[in-house]
Each structure stands twice: as C-alpha cells, then as structure tokens.
Amino acid sequence: MIEFPPELIRYLTKASRVAVLTGAGVSQESGLRTFRDAQSGLWAQYKPEDLATPRAFARDPKLVWDWYAFRREAIKGARPNAGHYALVEMEKNIPEFTLITQNVDGLHRMAGSKNILELHGNILNVRCSECGMFAETWGDDLEFVPRCEHCNGLLRPDVIWFEESLPRDQLEAAVQATRTCQVFFSIGTSGVVHPAAALASAAKAEGSVVIEVNAEPTPLTPKVDFALHGKSGEILPELVKAVWKSGM
C-alpha cells in the first residue's frame, strides 16, 4: 500500500477541475514500445524520425504506410492497464476533468475515458492526405497505398508528423483546461516534447497544484508540488482509492 502525503489527498478531495497530461510511459506499461524505442526486424534500419514526416510520405508513401500498418497491428494486441482505468475512475469523481494525451494508441478511449484531447492524433484512424476526409475502411495488406473514396487522394494515418502543427482546436482546449484547472497531473511523460511540455509550467504559473507520476525523475520534477515515482499502473489506482474510496 502506498502512503501519499496528506496534503495531496486534501487537494484532490477538494478539487473540482483537474487536467491530466499522459505520455508514452502510460502506454509502455501496456507493452507498447515508445515512439523512439529501437525498431525490430525490417524496421531496424530506419529511424522513426525518418518515417514520420510529410516529406517521407511524399518520397515513399508505401514505406510509410507499411510502417504505420505494422504499428497498428502491434496496438491491436494491446489492452489498457490499471493506470488507464484509474483515470476513468478519477474522471467519474471530478466535475471538470480533461485528459490530454500525447499517445496515439487509443487506449484511453478503450478504457472508457470520455473527455479526451488527442494532441498527436490517433493511429487507429486513417484520413485522406488531400481532402482530410476520414476513411471508414481500408486495406493494410495491399500492394499499394489505399486511396480516398471521395477525391482519390492517398490515405495516411491520422497522426501528427514532424514538421506538422498540432490541431488548433485540440491544443486550444488543452491550454484552456490547463489554465483553469486546480490540479494538473503529468503522467508518464518526459516533459521535453513541446508544446505539451509547457502545459505543466503553465498550470503552475496559474496557481495549480502540479503532480508528476513517472517511473523516474524528469526535468519537470524539481518544479512540481508532488513527485510520485514508480509505475502509473500501480500509483494511480492506489491514489484513486485513497482519495475517493472507489473500491477499485
């Protein structure tokens, strides 16, 4: 059983507005490789940064499509972990709760979280590279990149690549939630990928209590009010129990 600082419990008990930022560490506990982890097999010869750009897609769309098809298959075998489900329980107990994620695997939605802002998109969705229309069906095992039924443009994963801007509506909503929250969580993220990395500092500047949950210290650690080091899948369920007696 984890012993939490009494002040932390009091803050969360009184909080009615909470914002949470999650990163790759949360998905890693479900068995998924982080984006920058070494690739295996055929993909070992490539750096992720060389495949996740508009220029890479323009140069060799089939190569990029196949890499994302490979990643989609890996994600399909993953399931939410206890940390994902603890955030679902937290949302049920907080009147204004916003979950901001850098992850593209859709595991938060699978777990049951509702108010989610996917800053980097969702790899399980596919849209047209020309008109932006989402595709309901497509083939990953084709010899060519599938095309849009509306304009015949090449389909691409619905993720944000290097050299692309984050979706404005998602980012603006994340900033708004950060500025108005009473408590801000940074969970499973290194705190170095911008603009998401700036959210914790923005929350702190507005007077929010900032809590970090991460396997190890990060550049954010010295700036937070409470640093909880360990697996989010172990810490979050215990924290939810301690605050809301949910019986998880």
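Predicted model: local features only at pLDDT ≥ 70, side-chain atom pairs only at ≥ 80, totals over all residues.

Visitor: What makes the 6 strands an open sheet, and in which order do they lie?

Guide: The order is β3-β2-β1-β6-β7-β8, and the pairing is parallel. At the edges stand β3 (116-118) and β8, each of which pairs on one side only. From one strand to the next, the twist averages 15°.

Visitor: Why is β6 called mostly covered?

Guide: A residue is buried when its relative accessible area is under 20%. In β6, 5 of its 5 residues are buried. Val-183, Phe-185 and Ile-187 are buried on one side, and Phe-184 and Ser-186 on the other, which leaves both faces covered. In a regular strand the side chains alternate between the two faces of the sheet.

Visitor: What of β4, and how do you know that it pairs with β5?

Guide: Strand β4 (residues 121-128) is likewise described as mostly covered, with 6 of its 8 residues buried. Between β4 and β5 (residues 155-159) there are 5 bridges, and the two strands run antiparallel. Since at least two bridges are required, they count as paired. Arg-127 stands opposite Arg-156 in β5.

Visitor: What makes a group of residues a nonpolar core, and which residues have the most contacts inside the largest one?

Guide: The members must be buried residues of nonpolar kinds, joined through side-chain atoms within 4.5 Å. The largest such core has 29 residues, and Phe-185 and Ile-211 have the most contacts inside it. Among the elements that each supply at least two residues are α1 (6-14), α6 (82-93) and β8 (226-229). The most comes from α10, with 6 residues. A second, separate core of 17 residues includes Ala-19, Ala-177, Phe-184 and Val-224.

Visitor: Which residues does Phe-185 touch?

Guide: Leaving aside residues up to four places away in sequence, Phe-185 touches Leu-12, Val-18, Ala-19, Val-20, Leu-21, Met-90, Ile-211, Val-213 and Leu-239.

Visitor: Where does α8 lie, and what is its relation to α9?

Guide: α8 lies across β1, β2, β3 and β6, at about 130° to β3. The axes of α8 and α9 come within 7 Å and cross at roughly 35°. Ala-174, Val-175 and Thr-178 of α8 make the contact with Leu-199, Ala-202 and Ala-203 of α9.

Visitor: Why is that crossing called right-handed?

Guide: The term applies if the near helix is turned clockwise from the far one by less than a right angle. α8 passes α9 in a right-handed crossing.

Visitor: Which residues of α9 are buried, and how do you know that they line one face?

Guide: In α9 (residues 198-205), Leu-199, Ala-200 and Ala-203 are buried. Seen down the axis, these buried residues fall within an arc of 100°, and therefore line one face of the helix. They pack against β1 (17-22), β2 (96-101), α8 (168-180), β6 (183-187) and β7 (209-214). Just after α9, Gly-207 takes a positive phi of about 95°.

Key: Residues numbered from 1 in each chain as written. Heavy atoms only, no water. Buried < 20%, exposed > 50% of the residue type's maximum accessible area, 1.4 Å probe, protein only. Helix = DSSP H or I, 4+ residues; strand = E, 2+ residues; numbered from the N terminus. Arc of directions from axis to C-beta. Contact = heavy atoms within 4.5 Å. Axes fitted to C-alpha atoms, helices over the stretch in contact; angles between N-to-C directions.
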